[in-house]
Amino acid sequence: MIVHPTDQIGVIVIFISDHPWLIFLMIVLASYRFTHLIVFDKIMEFVRNPFMKEETTIDEGGRSKMKKVPANNFGYLLNCYWCAGIWSSVLFGIGYLWFPTIAFPAIFIFAIAGAQSIIETFVGVGTKAIHALDKYGDNIEK
């Protein structure tokens, strides 16, 4: 089947509507990636910083250390993976149910990014292990 480029989104939506498990998986992956973006990624620090405050803590050795903690409930939402994950799931889930043609492109992009980040985690761990073995392999007892 040859599809005109402007009709591609419609074809994808039709294919996915025939496979509800696929849209569920895409919403899960999109929610995962969006949550990670909000809570951990450096690029979103400017969003988190206004809701964080610095607090001095003293460890068991008597050394003081500055750490960022949430300044209010919204700060906890932006800093808590579980909290942000629930709201991210609500955003993508209800967004797809109420406004599928608007929500689908965002779900599609974030799902690809989520799957890619999961794959990169496994590849990155394997790559780091290989580099560690290359660097310290001669010193490891057999």
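User: Before anything else, what are the helices and strands here, as runs of DSSP letters?
Analyst: Helices are DSSP runs of H or I with at least four residues, strands are runs of E with at least two, and both are numbered from the N terminus. The structure is a predicted model, in which local features need pLDDT of at least 70 and side-chain atom pairs count only at pLDDT 80 or more, while totals for chains, interfaces and linings use all residues. Residues are numbered from 1 along each chain as its sequence is written, and side-chain values use heavy atoms, with hydrogens and water left out.

User: OK, how many helices and strands does the protein chain have?
Analyst: The protein chain has six helices and two strands, and from the N terminus on they run α-α-α-β-β-α-α-α.

User: And what share of the 142 residues is buried?
Analyst: Buried residues make up 25% of the 142 residues in the protein chain, where buried means under 20% relative accessible area, exposed means over 50% and partly exposed lies in between, with a 1.4 Å probe and protein chains only.

User: Let's look at helix 5; which of its residues are buried?
Analyst: Ala84, Gly85, Ser88, Phe92, Gly93, Gly95 and Tyr96 are the buried residues of helix 5. They lie on the same side of helix 5 because they cover an arc of only 160° around the axis, the arc being that of the directions from the helix axis to the C-beta atoms.

User: What's on the face turned away from that buried side?
Analyst: That face of helix 5 carries the exposed residues Trp82, Ile86, Trp87, Leu97 and Trp98.

User: How do helix 2 and helix 5 pack?
Analyst: Helix 2 (residues 20-39) packs against helix 5 at an angle of about 135°, with the axes 8 Å apart; axes are lines fitted to C-alpha atoms, for helices over the stretch in contact, and angles run from 0 to 180 degrees between N-to-C directions. The two helices are therefore oblique to each other, since angles under 35 degrees count as roughly parallel, over 145 as roughly antiparallel, 65 to 115 as roughly perpendicular and the rest as oblique.

User: Switching to Leu29, is that one buried or exposed?
Analyst: Leu29, which is found in helix 2, counts as buried because its relative accessibility is 16%.

User: What does Leu29 touch?
Analyst: Leaving out residues up to four places away in sequence, Leu29 touches Phe110, Ala111, Gly114, Ala115 and Ile118, where contact means heavy atoms within 4.5 Å. The C-alpha atoms of Leu29 and Ala113 are separated by 8.0 Å, although these residues are 84 residues apart along the chain.
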